[in-house]
Amino acid sequence: MGIGFLWTERSAAPLSQRHFCARQVGTVIHSAPEREETGIRELLRCIWRRRLISFPFLPPTSDFAKMKVGCIILACTLLVGTSSGSKAVQPLKPPCRPGFSQNFYTVIVSRDVLHGQSILKDTTLSSERVKFEDCQRSREVGFVSSDPNFSVRPDGSVYAEQELANLSEPVQFMVTARGLHDPHIWETTVKLALAGHPHPLALTKGGIEEMLSRVWDSQPRVIKFPRKHQRSSSANGLRRQKRDWVIPPINVPENSRGPFPHMLVRIRSDQDKAVGIRYSITGAGADQPPSGIYNIDPISGNMFVTQPLDREERASFHLRAHAVDMNGNQVENPIDLYIYVIDMNDNRPEFQNQVYNGSVAEGSKPGSSVMQVTATDSDDSTTANGMVRYRILSQTPHTPIPNMFTINSETGDIVTVAAGLDREKVSQYTIIVQATDMEGNLNFGLSNTATALISITDINDNPPELTVRTFSGEVPENKVNVVVTNLTVVDRDQPHSPNWNAVYRIVSGDPSGHFTIRTNPITNEGMLTVVKPVDFEMNRAFMLTVVVSNQAHLASGIQSSLQSTAGVTISIQDVNEPPVFPVNPKMIRFEEGVPAGTTLTVFAAQDPDHFIHQIVRYSKLSDPANWLKINKTNGQITTMALLDRESMYVKNNVYEATFLASDNGKSGSPQASGTGTLQIYLIDVNDNAPVLIPREAQVCERARPNSMVNITASDADADPNVGPFVFELPSFPASVRRNWTISRLSGDYAQLRLRIPYLEASVYEIPIIVSDSGNPPLSNRSVIRVKVCPCDNNGDCSATGAVAAAGLGTGAIIAILICIIILLSMVLLFVVWMKRREKERQAKPLLIDPEDDVRDNILKYDEEGGGEEDQDYDLSQLQQPESLDHIINKPAGVRRVDERPVIAESQYPVRPSLPHPGDIGDFINDGLRAADNDPTAPPYDSLLVFDYEGSGSTAGSVSSLNSTSSGDQDYDYLNDWGPRFKKLADLYGGGDDD
């Protein structure tokens, strides 16, 4: 076969700049089939290694169909991998990752392994191996093949699992690697092709195009900007241009192990030889979030993916490629690049629930639907990776057979397989269900399990049976609500269900309805009770026929038992007939809340002894809530308290009270009394506001999806005065609605959660207004204490968060403790200092004798003040002037002319901050000496002029007083003035003694 190389005008570059892959293959490949296929493969491998792309096109001849099959003209445009002068991007060597070295292996099977046309069992097919890198961890890895005919040994060699007739067509299967002690799995694809076999693609134009298109899709290729259509300037007018290439999408497998960055395509402009081109890409994944997944070499145009992709996060990307010159001017129109992430089987099926609950009636026929389990797979549902199949792994117990149920492999519907379900023998089955993707292939599909609990529901297949055929009893006449006898019954159906609950009927012997049979809800016994007084004078005995059945009808095909019927003999005892209430029990209807003193009804009795005149008196026999009273003579019933439907004594809105009517027992007969039951049906009114529970809760300080408070509203009233309830937050204070939000989940439930992302840890009292549906509705403002605290990763309050939420943070508590310690230390130091000072004061005596200390005897009295003429004086004359200007400018008259000498002031001794008591005397003496020698201290050595006192004083002259006279004045009266004048009396009173 001959292969030629024809260059188009697009690739007309100098020959020295081109790489000819044909040189490695040879210009002529002989027409032998083996050499032909090998040559084409080597050519394609060369294209892959050079990161080049070739496009087939029609040869110059117009009759391609007439060419011989052995001769094909192939024109390849070989583009240089990198532009001239640019450096190739050398990615860093990535870290070792365990797994297969390739995602796809092509294994050529030599014809030497054929035994005739067959391949024998355990025959190694090729020397080529599937390589698995364990990163020197020496892990034990086992390989599992999806094709039962082929498998892979631990050394990576591919062999035939069983004898094969032939290998006429290439075979492709998946190989899964599983670690024996490692939960991880790895997958790759292996394709087997027989050497020398005619290529699956016919060596025609279409086959070559498809082959090259596969190379395009599986290796980096060149994407060229489309040509701009230009008008020709020749005389022929417009020249028809070649169509632009349709850019195919780029497929990238998810979870690729790299190395990264991994080259995807090369972007190239035809003008890169004329001007310097800079390439860039934009869009989500490049310069938009999630940014940095794809980048491009601005010089060479090589586009890379920088990290593994996850199809479950993003299945496709839309980028735009740009080409500009060195000045930033657009050279080519942007082109759209579509990148699709190829799905890998990296997600297990996940059941919506780990435990499913279903039920089926006992005795169901085969094929009866039980339940449905559902599992979802995050992988692509259009491929086998996301196609889930179901199967049952086990059933417990195995009674009556191990496979009582089956499951639809595609829908997950579980149905019965066989008959024989009997609740009385097995009440529940446990089924383990497995979901596997890859359409249920257990060899390489991923699996998950769930538990299905199937309850066998009861049907009424066992009729009730009375224990004996005849019952007997006796009752005094005129007695009501008296149990004559108990009818015992046996039923094997589920207790306390409609199939077990007994219903008794009197079918004969009581035409007047004197008796009834009530069922004991606990023991299921029938209590034969007198409900209508029996008169001994009319009937001395009753013969009743009783039939028992269930609340539910018997199942189809089940007959009633003969033991479901029995006879009851009742003897009537003669007694003094008590008064009888005509209507017993008597039912009346009243609204709850009627006030005390309200008359409800008259409950009067009649004495059946018409021939004996007796007086009937009434009394209250039973009033659980003590709400009623009855008039002793006429039987009028009135209320003593408010009737409350929500009381614990009200059953099903009915309040029962029993009253006694007694005769006086004249004519020698004993006193007899009869009872009557008054039933009061209380009509509900909206008198109870709804309340909220819980009263306290806690949430995380940062808003989380699961950080919420579930609130339940309850109302003691009945419908329609209860739910649905309305939950709302008050508008005041405003911080409540700003920080919190409440939403109703259903009629009785709501959720309280944070509105803001973060709220400081503390205890908050959240008021919530809840209203019922009554008319008019009642509202209640309830306060819920919500503890906001820091939470750990599990959403639970941490220990420090609980302390902080209680009101004080850890820092605040530590600061308080430090302040307390400092305060105690200061108090202790002050006490020590005071004790030391007291000791020093006691050690050194005072400067003066205590007897001469008159400080306690000096009294300060108020001053009376001068007369009216003494008030006219100028105080400014007594003030020391700052300067002499105002004195010089003052008019002639009396004035102060003294002034402070302008000289340096004397230095006075400084008193120590903590003086010793013994230093006080020295300090005073030093101060006196400094003051005596200080010329700047007043009084100044100058003439002092005092203000004029005035004339016309009414006081006489005091010049006649002789202060030096020593008359015989007696000062002994000073002793009578008290202890304050004792010192003065001692000075003057004792002159004679001196």
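The backbone oxygen of Thr-399 lies 2.5 Å from a polar atom of the Tyr-429 side chain. That is within the limit for a polar contact (a pair of N or O atoms within 3.5 Å; within protein, one must be able to donate a hydrogen and the other to accept it, and residues adjacent in sequence count only if both atoms are side-chain atoms).

This is a predicted model, where local features need pLDDT of at least 70 and side-chain atom pairs count only at pLDDT 80 or more, while totals for chains, interfaces and linings use all residues. Residues are numbered from 1 along each chain as its sequence is written, and side-chain values use heavy atoms, without hydrogens and water.

Tyr-429 lies in strand S25, residues 428–436; strands are DSSP runs of E, at least two residues, numbered from the N terminus. Is Tyr-429 buried or exposed? Tyr-429 is buried, with a relative accessible area of 1%. Buried means under 20%, exposed over 50%, partly exposed in between, with a 1.4 Å probe and protein chains only. Not counting residues up to four places away in sequence, Tyr-429 touches Thr-399, Phe-405 and Ile-456, among others; contact means heavy atoms within 4.5 Å.

Next, Asn-524. Asn-524 sits in the loop between strands S32 (515–519) and S33 (526–530). Asn-524 is also buried, with a relative accessible area of 3%.

How values were computed:
Helix = DSSP H or I, 4+ residues; strand = E, 2+ residues; numbered from the N terminus.
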